[in-house]
Amino acid sequence: MDPFRLDGHLALITGASRGIGRGVALAMAEAGADIVLAARASADLDEAAEEVRTKTGRTVHTAPVDLGDSASIPAWFDGVVERNGRPNILVNAAGITRRAPAEVLALQDWNDVIGVNLTASFLIAQAFARHLIGAAEQGRIINIASLMTAAARKTTTAYTASKGGVGQLTKALAVDWADKGILVNAIAPGFIATAMTQPLQDNDEFHAWILKRTPLGRWGKPEDIALPCVFLASPAAQFVTGQVIYVDGGFMATF
Ligand code: NAD
């Protein structure tokens with residue numbers, strides 16, 4: 001058996017309509033997993049499913065959801081299990097940001113960012129674990145953290161607080177569920193070229209700073225994050241839990 005393959009597994013990936021989540025879905029399907037793509041209902045979500053299906057030949061489902069609506073998450077997850085089966089890999093990749101100086105940050109923006117980035121990650125992980133524990137099955141959870149799990153930039157209070165929370169959530173769940181065989185880790189991406197960072201990519205000064213500031217000298221691509229996620233979901237990572245792994249081209253190693 002190849003210890004890096006995911007054959008026979010079902011992976012639920014949030015934020016899978018584009019960017020990092022979509023890259024993770026493709027890489028996990030290429031490694032042999034069947035996939036449930038979760039994101040807000042959109043043409044992008046259907047396109048992502050078609051892309052993964054066509055390129056890999058795996059079974060690919062979509063599960064539209066608004067992760068800002070916390071109360072709906074447990075029933076939504078039960079519906080996914082009923083329709084598509086019980087996932088044993090979960091990747092929490094959905095995320096949003098709202099930029100404002102802290103002194104004028106609106107409560108609604110704070111709540112929206114904490115809701116999608118942190119509360120939804122917890123509630124999906126809880127529903128996922130309840131199903132696995134009920135069936136005495138093992139599983140893997142991978143949360144997508146950030147450089148802002150460890151450091152901050154101006155005007156990112158809500159995002160930084162949410163991603164700091166994701167780092168600690170990862171450790172807390174890893175400790176709670178180690179004896180159930182559910183391993184929980186996070187990948188903390190550096191600056192990745194996606195729609196979320198488009199305004200930063202379009203800013204010449206920021207772009208030049210990234211190239212200079214990052215030892216590997218470039219923006220990351222979704223694939224750079226997706227392949228380490230495959231590793232964390234695979235048998236090769238059987239003794240890895242509670243870790244936040246920075247995948248950032250060396251960004252955090254220097255200043
Ligand atoms: P993106 O904006 O390209 O994609 C975000 C995804 O999340 C989309 O699929 C979107 O539909 C989904 N989403 C957002 N709000 C949602 C909601 N309310 N309900 C359901 N789905 C929702 O972003 P990305 O750059 O691919 O980021 C993915 C993850 O990686 C996020 O958690 C982000 O914080 C994190 N991250 C990104 C970078 C980067 O440089 N791009 C760096 C560090 C961490």
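This is a predicted model: local features need pLDDT of at least 70, side-chain atom pairs count only at pLDDT 80 or more; totals for chains, interfaces and linings use all residues.
**Entry 1: the largest pocket**

I started with the lining of the largest pocket and sorted it by class: 20 nonpolar, 14 polar and 10 charged residues. For the volume I got about 1,100 Å³.

Which helix gives the most to this lining? I found H1 on top, with 3 residues. H1, helix H4 (107–134) and H5 each put in at least two.

Next I checked where the ligand goes. The space it takes is the largest pocket. In the shell around the ligand, the elements giving two or more residues are helix H1 (19–30) and helix H5 (157–177).

I counted 29 residues surrounding the ligand, with Ser17, Arg18, Ile20, Tyr159 and Thr194 as the closest. Sorted by class, this shell has 17 nonpolar, 8 polar and 4 charged residues.

With Ile20, a polar backbone atom is involved, 2.8 Å from an oxygen of the ligand. Ala93 also uses a polar backbone atom, at 3.1 Å from a ligand oxygen.

How much of the ligand does the protein bury? On its own the ligand exposes 830 Å², and the protein buries 96% of that.

Conventions:
Residues are numbered from 1 along each chain as its sequence is written. Side-chain values use heavy atoms; hydrogens and water are left out. A residue is near a molecule or strand if one of its heavy atoms lies within 4 Å of it. A polar contact is a pair of N or O atoms within 3.5 Å; within protein, one must be able to donate a hydrogen and the other to accept it, and residues adjacent in sequence count only if both atoms are side-chain atoms. Accessible areas come from the Shrake-Rupley method with a 1.4 Å probe; for residues, only the protein chains shown count as cover. On a 1 Å grid over the protein atoms alone, a cavity is a set of points where a 1.4 Å probe fits but cannot get out, and a pocket is an open set with protein on both sides within 12 Å along at least five of seven lines; lining residues have an atom within 4 Å of a point. A molecule sits in a cavity or pocket if more than half of its atoms lie within 2 Å of its grid points. Helices (H or I, at least four residues) and strands (E, at least two) are DSSP runs, numbered from the N terminus. Ala, Val, Leu, Ile, Met, Phe, Trp, Tyr, Cys and Pro count as nonpolar, Asp, Glu, Lys and Arg as charged, and the others, Gly among them, as polar. Grid points are joined across faces, edges and corners, and a volume is the space filled by probe spheres set on the points.
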